Amino acid sequence: MVRTVTPDYWDEACRHLAKRDRVMRKLIPQCGEGQLQSRGDAFTTLARSIVGQQISVKAAQAVWDRFVALMDGAPTRVLPAAVAQIEAAVMRSAGLSARKVEYLLDLAQHFESGKVHVRQWQQMDDEAIIEELVAIRGIGRWTAEMFLIFHLMRPNVLPLDDVGLIKGISLNYFSGEPVSRAEAREVGDAWAPFRSVATWYIWRSLDPLPVAY
């Protein structure tokens, strides 16, 4: 059983967005009771994001299941030390590419050596955390922003590299016309200080199933 955590700012954010933005005023009631949920721990979340890169959700789950079977413990929590001890060839046998094996070992090394300041993240600002995460091989800005939204549940992240966000802004604010990054930023800036929440509702406008990472 995976324990899930929901943000304490959600209701306040919904009231704020509905008051300030005509699209949010319409979308929020349409989406029912759902909200962001955080699952698992930091290392497992990032490891799963690496395993899932450039493959389907179904394929990613199959590879992940084989990967965690190489270690003792629950599939909902993988320890950096356990990953660091697996030989690369063994990891490849689970269906991981050579590059993803390198990424996972680098991720484990960053956590084991203390190069990422997990215990300080709650006190660090978003950009400082992104800077730490993108220093890890295989983690780019988009993955770091998804981590901020879905794991740390930061309220004010605007992931402009996200295709779904740009598409949703186009459909909901520009009648389907193509949207530039600058135009998307302008729309998103009006959502502050709850840009993560508005982004979540934009995603829901495209797909009624809640987004989760």
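This is a predicted model: local features need pLDDT of at least 70, side-chain atom pairs count only at pLDDT 80 or more; totals for chains, interfaces and linings use all residues.
Local features need pLDDT of at least 70 and side-chain atom pairs count only at pLDDT 80 or more, while totals for chains, interfaces and linings use all residues. Residues are numbered from 1 along each chain as its sequence is written, and side-chain values use heavy atoms, with hydrogens and water left out.

Helix α2 spans residues 22-30 and helix α12 residues 195-206; helices are DSSP runs of H or I with at least four residues, numbered from the N terminus. The two pack with their axes 10 Å apart, at an angle of about 65 degrees, the axes being lines fitted to C-alpha atoms over the stretch in contact and the angles running from 0 to 180 degrees between N-to-C directions. This angle makes α2 roughly perpendicular to α12 (65 to 115 degrees). The contact (heavy atoms within 4.5 Å) involves M24, L27 and I28 from α2, and A198, Y201, I202 and S205 from α12. By class, six of these residues are nonpolar, one is polar and none is charged; Ala, Val, Leu, Ile, Met, Phe, Trp, Tyr, Cys and Pro count as nonpolar, Asp, Glu, Lys and Arg as charged, and the others, Gly among them, as polar.

The disulfide count is zero, where a disulfide is a pair of cysteine sulfur atoms within 2.5 Å. The closest cysteine sulfur to that of C14 belongs to C31 and lies 9.3 Å away, too far for a bond. C31 is likewise in no disulfide. C14 is buried at 11% relative accessibility (under 20% relative accessible area, 1.4 Å probe, protein chains only). C31 is also buried, with a relative accessible area of 11%.

Key: Angles under 35 degrees count as roughly parallel, over 145 as roughly antiparallel, 65 to 115 as roughly perpendicular and the rest as oblique. Buried means under 20% relative accessible area, exposed over 50%, partly exposed in between (1.4 Å probe, protein chains only).
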